[in-house]
Amino acid sequence: MLGALTLLLLFQLIGEVIARALALPIPGPVIGMGLLFLALLLRGGPSEELRTTSGTLLMHLSLLFVPAGTGIVLYGDRLAAEWLPLTAALLGSTALAIAVTALVLRALMRRRETPRAGGEARP
Amino acid sequence: MSHSLSEIWVYLSATPLLGLTLTLLAYQAAFWLYRRAGFHPLANPVLLSVSFIAVLLLVTGMPYKTYFDGAQFVHFLLGPATVALAIPLYAQWPKLKAMAGPLVIALVAGSLTAALSAYAIGAMLGASRESLMSLAPKSVTTPIAMAVAESLGGLPSLTAVLVITTGILGAVGARYLYRLLRIDDHAVRGFAIGIASHGIGTARAFQVSEQAGAFAALAMGLNGLLTAVSLPWLLPWLERLLGR
């Protein structure tokens with residue numbers, strides 16, 4: 001548990017240092033995720049300890065968004081003034097993004113599967 | 001009696017203990033309700049916890065900053081949790097690699113749809129420029145979205161709220177959309193919710209299946225990268241084009 005947590009923090013730290021040093025617009029934790037992923041590929045998978053610790057952390061990922069989400073109390077005035085465009089934009093764009101991504105991905109996966117099956121049938 | 005009570009309150013609101021305990025209590029109550037509701041998306045634990053705490057802050061008059069001084073310890077764990085997403089990603093790697101081409105095309109389509117449709121709908125209904133620039137990056141994970149909003153001239157803290165609202169909307173609504181569009185594949189479901197609703201969508205996807213969670217985590221990471229490099233030049237270009 002402690003070793004795995006230290007490892008996660010270490011990768012975050014390395015990511016943070018790279019992001020600052022190279023002035024990248026990508027946050028340190030995302031770079032840390034990429035580096036840990038590369039390390040896992042090289043090493044051939046996570047240790048049991050790392051798997052359990054990250055499983056525990058990710059099981060309650062929702063909890064970690066609560067403090068920032070509560071910041072909504074600061075924007076009462078703006079939300080009251082612009083509630084219509086903000087609500088419509090959030091609702092519309094979220095639904096559109098989910099639908100477009102899912103439909104494009106499904107169409108591409110089907111197209112990939114069918115020609116191969118069709119190709120085998122032809123002489 | 002009331003004098004000593006208010007003294008206790010003064011003491012408690014000066015330490016991080018109260019905000020931290022409050023966050024954990026609210027979340028556990030929310031998660032209990034979520035489980036009681038059979039993990040129904042409408043009983044989303046982020047939505048419920050935020051509502052509980054927001055009402056409490058408004059009723060007691062406790063400033064958000066005081067609350068956050070304690071809650072920041074939970075907030076901090078977002079960093080290591082993001083790094084930890086590498087583990088499910090690794091577990092699903094063979095499947096992800098086999099689908100690389102379709103995933104990249106779906107990523108570009110979904111990422112552009114999220115940012116441009118938010119901008120377009122907001123602009124048509126008369127949102128201010130500050131709000132529009134805070135809206136555009138709202139589908140990606142909080143730290144990236146805040147940095148992008150700042151570089152565009154939006155308000156980073158407003159972006160944080162819009163990001164989390166987007167996450168909740170996706171986590172709550174995706175199931176109905178998938179049913180409507182007849183999308184059953186957990187890889188496709190996970191990837192789409194990760195593109196549109198970042199970490200909160202990913203959290204919801206993990207509660208559905210590990211496969212959905214890993215695809216969501218990948219989508220969230222990729223959309224974060226793409227948005228970070230594309231929006232800072234795409235939106236100013238769009239504004240010039242529209243003559244705004």
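Predicted model: local features only at pLDDT ≥ 70, side-chain atom pairs only at ≥ 80, totals over all residues.

Q: What length does H2(B) have, and what span is expected for it?

A: Helix H2 of chain B runs over residues 16-36, which makes 21 residues. From its first C-alpha to its last it reaches 30 Å, close to the 30 Å expected at 1.5 Å a residue.

Q: Which residues of H2(B) are buried, and why do they lie on the same side?

A: The general idea comes from helix geometry. An α-helix has 3.6 residues a turn, so residues three or four places apart point the same way. In this case, the buried residues of H2(B) are Gly19(B), Leu22(B), Thr23(B), Ala26(B), Tyr27(B), Ala30(B) and Tyr34(B). They cover an arc of only 120° around the axis, and therefore sit on the same side of H2(B).

Q: Which residues are exposed on the other side of H2(B), and what do the buried ones pack against?

A: Leu17(B), Trp32(B), Arg35(B) and Arg36(B) are exposed on the other side of H2(B). The buried residues of H2(B) pack against helix H3 (45-60) and helix H4 (64-76) of chain B, together with H4 of chain A.

Q: How would the reading proceed for H3(A)?

A: The steps are repeated. H3(A) has 12 residues, and its reach of 16 Å from first C-alpha to last is close to the 16 Å expected at 1.5 Å a residue. Its buried residues are Leu50(A), Thr53(A), Ser54(A), Leu57(A) and Leu58(A). Because these residues cover an arc of only 130° around the axis, they are on the same side of H3(A). On the other side of H3(A), Glu48(A) and Met59(A) are exposed.

Q: What covers the buried residues of H3(A)?

A: The cover includes H1 of chain A, and from chain B it includes helix H5 (78-84), helix H6 (86-91) and helix H12 (186-208).

Q: How many residues of each chain are in contact with the other chain, and which helix of chain A gives the most?

A: An interface may be read by extent, by contributing elements and by residue class. In extent, 65 residues of chain A are in contact with 92 residues of chain B. On the chain A side, helix H1 (2-21), helix H2 (28-43), helix H3 (48-59), helix H4 (66-69) and helix H6 (83-121) each supply at least two residues. H6(A) gives the most, with 25 residues. By class, the side of chain A that touches chain B holds 48 nonpolar, 12 polar and 5 charged residues.

Q: Into which domains are the chains divided?

A: Chain A has domain 1 (1-59) and domain 2 (72-123), with 29 Å between their centres, taken over C-alpha atoms. Chain B is assigned domain 1 (2-76) and domain 2 (83-242), and their C-alpha centres lie 27 Å apart. Between the domains of chain B, 6 residues of domain 1 are in contact with 9 residues of domain 2. The domain 1 side of that contact has 5 nonpolar, 1 polar and no charged residues.

Q: Which residues of chain A carry the annotation "transmembrane region"?

A: The unreviewed UniProt entry places "transmembrane region" at residues 29-45, 57-76 and 88-108 of chain A. In the model, residues 29-45 of chain A are 88% helix and 0% strand, with end C-alpha atoms 20 Å apart. Residues 88-108 of chain A are 100% helix and 0% strand, with end C-alpha atoms 30 Å apart.

Methods:
Residues numbered from 1 in each chain as written. Chains lettered and ligands numbered in written order. Contact = placed C-beta atoms within 7 Å. Helix = DSSP H or I, 4+ residues; strand = E, 2+ residues; numbered from the N terminus. Nonpolar A, V, L, I, M, F, W, Y, C, P; charged D, E, K, R; others polar. Expected span 1.5 Å × (residues − 1). Buried ≥ 20, exposed ≤ 12 C-beta atoms within 10 Å, placed from the backbone. Arc of directions from axis to C-beta. Domains from an automatic or database assignment. UniProt positions renumbered as here; feature names shortened; annotations may be inferred.
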